[in-house]
Amino acid sequence: MIYFPLQDIEAAKLNIDDPDHLRIHSLETFGTHDGPGVRMVVFVQGCQFRCVYCHNPDSLDVKGGMLIEIKELVKRAVQQKNYFGAEGGVTVSGGEPLLQRSKLLTFFKLLHEQGINTCLDTNGRLNNAEVHELLEYTDILLLDVKHINDEWHHKLTGLSNKTTLELAAYRESTGRPMWLRYVLVPGWTDQPEYIEEWCRHFTNYKTVERVEIISFHQMGRHKWESMGMIYPLIDTPVPTREHRHQVKAIFKKYFKNIALK
């Protein structure tokens, strides 16, 4: 299901136009949900996944949001550095950050020059040499693997999970830290057989430091409605506490560090 144009041409331009600026959706200070410690979180604009449960559909349009100078973002991060402590830093989330991979490489290099930890939260839309160079300056990769079954992944996002899984394998080959994320959506991603398959796929990865199970919620529904779009999961319930813990029990068979969010 495609509820918003993919904007392939515009997405390609997003990576090269205005090289000194990032196109962002919003900025969060003192974030505690996107990586370790206290973090400044930059939510970039533009995404080519069309997730049926997207809670920020206003971040999809690659021509939306606002342009902000990369040096200004670095300046703001430096101003907050004392609050980051030993674990915190800057996280870039989305939207989909990899659509602006070249600009983020500049951003992350400048952050490293200031001794600031970098974290990249991505759905793995791309896996190429530019992305690999960016990952060299990414201290922690937060990878959202939405479904292990490609057919279901298409139903969920409109696209294949092929590059996502390839990116995970590449990160594993580098020996650099990675956190995995899984959104629990009743009727869509809660099939026990596929959760088991997901877990078996990653259980031997040595770079996976943490797995986060994120519960589906209805808080993004009003944005769909305000944009004149039909929200496809209007009748989908929020996972119950019992359901969430049943799923967590499956993950615990394969991973030591599990966070239920």
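Student: In S9, which residue is the bridge partner of Ile 213?
Tutor: Leu 260. Keep in mind that this is a predicted model, where local features need pLDDT of at least 70, side-chain atom pairs count only at pLDDT 80 or more, and totals for chains, interfaces and linings use all residues. Numbering starts from 1 along each chain as its sequence is written, and side-chain values use heavy atoms, with hydrogens and water left out.

Student: What makes S8 and S9 paired strands?
Tutor: Strands are DSSP runs of E, at least two residues, and helices are runs of H or I, at least four, numbered from the N terminus. Two strands pair if DSSP finds at least two bridges between them. S8 (residues 208–215) and S9 have three bridges, in the parallel sense, so they pair.

Student: Why is S9 called an edge strand?
Tutor: The open sheet runs S3-S1-S2-S4-S5-S6-S7-S8-S9, with mixed pairing. S3 (66–69) and S9 (258–260) each pair on one side only, which means they are the edges.

Student: How do you know that helix H7 packs on the sheet?
Tutor: Helix H7 (residues 192–202) touches S7 (178–184) and S8, where contact means heavy atoms within 4.5 Å.

Note on methods
Axes fitted to C-alpha atoms, helices over the stretch in contact; angles between N-to-C directions.
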